[in-house]
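Visitor: I would like to learn how to read a pair of helices and the residues between them. Could you take me through it one feature at a time?

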Amino acid sequence: MPLSSQPSGSVRSAAELNERIRGLWLRADGRLSAEQRREYEQLVTEWAAAVREEVVKAA
């Protein structure tokens with residue numbers, strides 16, 4: 001599901017985002033198209049935010 005279709009306020013875990021990133025690379029066979037690159041960048045940004053949130057909750 002593209003990130004733009006994520007419901008507002010819906011937060012995915014770092015683990016879920018990591019799986020999506022891995023799946024994207026597997027489907028792309030290591031070569032991302034321009035569209036896939038945009039999706040990858042969005043996923044990584046969301047993953048980094050999720051990791052920070054999980055660290056804050058753990059502290």
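Visitor: Does Gln-36 count as buried, partly exposed or exposed, and why?

Guide: This is a predicted model, in which local features need pLDDT of at least 70, side-chain atom pairs count only at pLDDT 80 or more, and totals for chains, interfaces and linings use all residues. Residues are numbered from 1 along each chain as its sequence is written, and side-chain values use heavy atoms, with hydrogens and water left out. Buried means under 20% relative accessible area, exposed over 50%, and partly exposed in between (1.4 Å probe, protein chains only). Gln-36 counts as partly exposed because its relative accessibility is 21%.

Visitor: Which residues is Gln-36 in contact with, leaving aside its neighbours within four places in sequence?

Guide: Contact means heavy atoms within 4.5 Å. On that basis Gln-36 is in contact with Leu-24, Ala-28 and Arg-31, once neighbours within four places in sequence are left aside. The C-alpha atoms of Gln-36 and Leu-24 are separated by 7.5 Å, although the two residues are 12 apart along the chain.

Visitor: How are two packed helices described, and at what angle do H1 and H2 cross?

Guide: Two packed helices are described by the angle between their axes and the distance between the axes. Axes are lines fitted to C-alpha atoms, for helices over the stretch in contact, and angles run from 0 to 180 degrees between N-to-C directions. Here the axes of H1 and H2 come within 8 Å and cross at roughly 160 degrees. That makes H1 roughly antiparallel to H2, a term for angles over 145 degrees.

Notes: Helix = DSSP H or I, 4+ residues; strand = E, 2+ residues; numbered from the N terminus. Parallel < 35°, antiparallel > 145°, perpendicular 65-115°, else oblique.
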